[in-house]
Amino acid sequence: MTELSTVQAVAVALAGKKLDKAKKDLAPGTHKVRVAVEVEATINKGEDYTQAFPATLKPWRAVAFLLDMIAKGEATGPVAVADVTRAMLTPGETEARAKAVEAQAKAAALILAGSTERECAGKVTVPSLTISLVEATEAVPA
C-alpha cells in the first residue's frame with residue numbers, strides 16, 4: 001500500500017470531517033466496510049504566526065475580589081460596595097475611570113494571567129472539496 005503524502009492525508013482527513021455528520025444516522029452494531037473514495041480538494045495553508053490571545057484572567061472574579069477588599073477596608077481608600085456599584089452605573093464614570101487606568105490594568109492582567117502570546121500554525125482553508133465513491137462493499141451488521 002502506498003503511503004499518503006502530507007497534503008493527501010490532510011485532504012482525506014478533511015473529507016472525513018465533512019462526512020462526520022452522517023454518523024448520527026448509523027444504526028447501532030458492528031459494521032464491516034471497505035470503501036474506496038476519490039477526494040479532490042483545493043487546500044490553502046497560511047504562514048505560521050504569533051498571536052496575542054485575550055488574558056485568561058476571570059474578570060468577574062477579579063471584580064468580586066476587588067469589591068470584597070474595598071468593603072473590608074483592605075484596599076486603599078475604602079468605599080462601600082454600594083458606592084462602587086453606583087459609580088460603575090453612572091453614565092461616563094466607568095468609561096472615564098477605565099481609560100485612566102487602562103495601561104495599569106493591562107499590566108496587572110499580564111502579571112496575573114501570564115503572557116498572552118502563542119505560536120500558531122498557519123490557517124488552513126478548503127475552498128473546494130469533492131468526495132466521490134469509487135468502490136464499496138458492506139457486510140450486514142452483526
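I began with the word contact, which means heavy atoms within 4.5 Å. Among contacts in the protein chain between residues at least 6 apart in sequence, I found that 88% join residues at least 24 apart.

A note to myself: this is a predicted model, where local features need pLDDT of at least 70, side-chain atom pairs count only at pLDDT 80 or more, and totals for chains, interfaces and linings use all residues. Residues are numbered from 1 along each chain as its sequence is written, and side-chain values use heavy atoms, with hydrogens and water left out.

**Layout.** I looked up the elements next and found four helices and four strands. Helices (H or I, at least four residues) and strands (E, at least two) are DSSP runs, numbered from the N terminus. From that end, the order is α-β-β-α-α-α-β-β.

**Surface.** How many of the 142 residues count as buried? I noted 8%, where buried means under 20% relative accessible area, exposed over 50%, and partly exposed in between (1.4 Å probe, protein chains only).

**Salt bridge.** I found one in the structure. A salt bridge is a side-chain nitrogen of Lys or Arg within 4 Å of a carboxyl oxygen of Asp or Glu. Here the side chains of Lys45 and Asp48 meet at 3.2 Å, N to O. Lys45 is exposed, because its relative accessibility is 53%; Asp48 is exposed too, at 54%.

**Leu133.** Where does Leu133 lie? I found Leu133 in strand 4, residues 124-138. Leu133 counts as exposed because its relative accessible area is 61%.
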